[in-house]
Amino acid sequence: MTKKEESKMATAPVLDTSATESGEKLPWKVVQCPHEWDVTRPEIYVEDRWHPIFKEMREQAPINKVEGSGFGSFWNVTTLKAIQHVEALPDIYSSSFEHGGITLVDDEALDEPIPEDERIVMPMFIAMDRPKHTEERRVIAPAFTPGEMERMATDIRRRTGELLDSLPVGTAFDWVDKVSIELTTQMLALLFDFPWEDRRLLTEWSDWAGDVELFRTEETRKARLAKMFEMGAYFQRLWDERKNRGEAPDLISRMIHSPMKDMNQFEYMGNLILLIVGGNDTTRNSMSGYAYGLHSFQDEREKLEKNPELIPNAVSEVIRWQTPLAHMRRTALKDHDLFGAPIKAGDKIGMWYLSANRDETVFDNPDKLIVDRENARRHLSFGYGIHRCVGARLAELQIRVLLEEMAKRRLRPNVVAEPIRVAGCFVHGYRSMDVELTKY
Ligand code: HEM
């Protein structure tokens, strides 16, 4: 792929404000729990039966309010256009941790509510509004420019190739552990210049940090907190070591030497967690989604094997089809008419990317992974607007290189048993997946 094409792949679409101008309305309604439309229930993801639930919402009331769930009351926004609209209005729909942050977890609605003095907030720029968000994003963004991608590409290809050459052919192994986790964790270790032999700690911390289910009980909350302290102490050591080392391209040094002199220790830690979780679960689950998705649609797998030039498009399609983060949350700062739905100040909004990416008014036959889908790049897996994923280019590069190196070796991943899926409404992916490689 040329540099221009590569840069195009990660460019944010232009903000769409046409809906406000046209005064367009959508059906909306309010439902009480227990209700099928409570899509915060972990079982619908672990049992992979969320598709008809979101489809019904898109058909009957694309914007709807669920009252009394284990995560409190919240609005579901389920179509692509409506989500883009919310994301295009960041001054009305806040991401800030001060208003509750980016997941639907609700400290007060939980069966075992979190006492006020135990609510530890790690500020991170994904959960900040302008102008602070802009300022902190600027510190990180230079690590993900097309130039940086070019600098990293050779190394990513070499590491991916070496890993693939070490895998058994014809014997089952866990693809999630051996391929998806290993490749993404190596990448993060390089980005942070993290001690190589300890790199699996990054996976462990990321799993603990990104699991919204752990908030539900005091016991799991405390266990999570202990892990976060362990991570904090480790990174504190790295920070102290690097403070006097001078400028360097790793993300920790970038933060230390950033023009933002007042990034305090909590912000430093928060942003590290953001980068570890942001870059880990997501890319990992896209790599696993590639194996599972193409195994599920073997005609498409054959098409890709015969036409490797389709790989860049297939990368976008895998990311659409998998949708590694099921939702992001916003909180309304004032009353707002959202396509006719009466949003009130303080309301929580769940923007379900998982549903937007299956929106049949945008994607034909949306449940099928189609490697040459013309508008695959319209997916919302990376979000939209000012918070659109800063690591999108890097994620696409890693996944593209994996597909290209598989194709070069004519290797095909065959899924030999149903995967174990993540139980939770935030990270949408796989805990393990047994795969056998064959040559084609
Ligand atoms: C933001 C998805 C890979 C770092 C986001 C958002 C989504 C997302 C949905 C929030 C968008 C919003 O609120 O509008 C993904 C997916 C990935 C991926 C699906 C892989 C397929 C990465 C990687 C990194 C990363 C590799 C870094 C190593 C971040 C950061 C933000 C972010 C720092 C915050 C951006 C902001 O608030 O301005 N990502 N991400 N992500 N992502 Fe990613």
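Predicted model: local features only at pLDDT ≥ 70, side-chain atom pairs only at ≥ 80, totals over all residues.

**Strands and their partners**

Modeller: The strands β10 and β13 (residues 434-439) run antiparallel, and five bridges join them. They belong to an open sheet with three strands, in the order β5-β13-β10, and the pairing is antiparallel. The edge strands, β5 (173-174) and β10 (411-415), each pair on one side only. If you wonder what holds such strands together, the strands of a sheet pair through backbone hydrogen bonds, either parallel or antiparallel.

You can see both senses at another strand, β9. On the parallel side, strand β3 (residues 72-77) pairs with β9 over three bridges, and V77 has M351 as its bridge partner there. Strand β6 (residues 327-332) pairs with β9 too, but in the antiparallel sense and over five bridges. In that pairing, look for R329, which stands opposite G350 of β9.

So where does β9 sit, out in the open or enclosed? Strand β9 (residues 348-352) is largely enclosed by the rest of the structure, because five of its five residues are buried. Both faces are covered: K348, G350 and W352 are buried on one side, and I349 and M351 are buried on the other.

Now for some helices. Helix α8 (residues 175-192) and helix α12 (residues 265-296) have axes that come within 9 Å and cross at roughly 145°. The crossing of α8 past α12 is right-handed. From α8, the residues making the contact include W175, I181, L188 and F192, and from α12 they include L272, I276, M287 and Y290. Sorted by class, the contact of α8 with α12 has twelve nonpolar residues, seven polar ones and one charged one.

One last stop, the ligand. Which residue is the protein donor of its iron atom? That is C389, through its SG atom at 2.3 Å, and C389 is the only protein donor of that iron. To find C389 on screen, go to the loop between α15 (353-356) and α16 (392-408).

Definitions and conventions. Residues numbered from 1 in each chain as written. Heavy atoms only, no water. Donors = N, O, S within 2.8 Å, 3.2 Å for Na, K, Ca; no water. Helix = DSSP H or I, 4+ residues; strand = E, 2+ residues; numbered from the N terminus. Pairing = 2+ DSSP bridges. Buried < 20%, exposed > 50% of the residue type's maximum accessible area, 1.4 Å probe, protein only. Axes fitted to C-alpha atoms, helices over the stretch in contact; angles between N-to-C directions. Left-handed = near helix turned anticlockwise from the far one by under 90°. Contact = heavy atoms within 4.5 Å. Nonpolar A, V, L, I, M, F, W, Y, C, P; charged D, E, K, R; others polar.
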